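Please take a moment to look at the model below before reading on. The paragraphs that follow go from the chain as a whole to a few of its residues.

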Amino acid sequence: MTSSRLVRALPVAIAAVLALAGGQAVAAPAPDAAARVVTYDASGAAEFKDAVTKGAAVWNQSVKNVQLKPVTSGQRANLRVVADNGWPRAQVTALGSGTIYFGRQAVDEGHNTVRIASHEMGHILGLPDVKPGPCSSLMSGASAGTSCTNANPNAAEKAEVEDAFALLESSAATTAAYKD
Ligand SMILES: [Zn+2]
């Protein structure tokens with residue numbers, strides 16, 4: 001075995017050791033084998049990087065068929081998050097891919113930054129706006145008012161994302177643009 005092959009084999013060996021440890025070294029259950037990873041690049045998210053991290057964590061705790069992970073340096077991310085002075089919006093180029101514009105306008109008006117991050121990620125994961133709607137709905141967005149700090153998708157929203165990624169292999173790529 002050459003040294004480069006050894007290096008490539010190491011993560012597998014480490015994973016095997018962790019598995020033998022009975023999962024004690026792993027905080028969370030192993031993701032579903034069918035899980036699709038959406039990598040995100042928050043390097044352009046300025047003061048909203050922490051909200052992006054928290055929004056990704058919300059989705060990672062809410063669904064198992066897709067997981068959001070920070071992109072490895074030098075790799076091209078599926079999702080780019082950039083801060084700007086407009087209204088928050090998402091450009092979806094395909095299920096699990098696109099760009100989120102983390103608009104300061106809504107933040108300045110008092111909307112919760114983690115809810116904004118989670119909501120826009122919901123678009124990237126295939127969800128449309130459902131407005132007007134209650135605070136319990138993530139995709140009701142700004143229509144729930146500035147007092148709404150709920151960043152969690154409801155049961156129906158979780159199920160829709162699970163179904164979309166379960167069907168990913170057979171679904172055609174779609175493009176969409178959502179303002180809010
Ligand atoms: Zn929206």
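Two residues are said to be in contact, or to touch, if their C-beta atoms, placed from the backbone, lie within 7 Å. What you see is a predicted model, in which local features need a pLDDT of at least 70 and side-chain atom pairs count only at pLDDT 80 or more, whereas totals for chains, interfaces and linings use all residues. Residues are numbered from 1 along each chain as its sequence is written.

The chain has 5 helices and 6 strands, where helices (H or I, at least four residues) and strands (E, at least two) are DSSP runs, numbered from the N terminus. Read from the N terminus on, these elements follow the order α-β-α-β-β-β-β-α-α-α-β. If we consider contacts between residues at least 6 apart in sequence, 63% of them join residues that are at least 24 apart. Of the 180 residues, 34% count as buried, a term that applies if 20 or more other C-beta atoms lie within 10 Å of a residue's own, while a residue with 12 or fewer is exposed and one in between is partly exposed, with C-beta atoms again placed from the backbone.

Val-38 belongs to strand 1, which spans residues 36-44, and it is buried because it has 23 C-beta neighbours inside 10 Å. Leaving aside neighbours within four places in sequence, Val-38 is in contact with Val-66, Leu-68, Asn-78, Leu-79 and Gly-96. The C-alpha atoms of Val-38 and Ser-97 are separated by 7.4 Å, although these two residues are 59 places apart along the chain.

Helix 4, made of residues 113-124, contains Glu-120, and His-119 is found in helix 4 as well. An unreviewed UniProt entry gives Glu-120 the annotation "active site", and UniProt places the feature "binding site" (unreviewed entry) at His-119, His-123 and Asp-129; such annotations may be inferred rather than shown by experiment, their positions are given in the numbering used here, and feature names are shortened. Glu-120 counts as buried because 27 C-beta neighbours lie inside 10 Å, and His-119 is buried because 31 other C-beta atoms lie within 10 Å. Not counting residues up to four places away in sequence, Glu-120 touches Pro-88, Ala-90 and Ile-100, while His-119, by the same rule, touches Leu-138, Met-139 and Gly-141.

Beyond its neighbours within four places in sequence, Asp-129 is in contact with Met-139, Gly-141, Tyr-178 and Asp-180.
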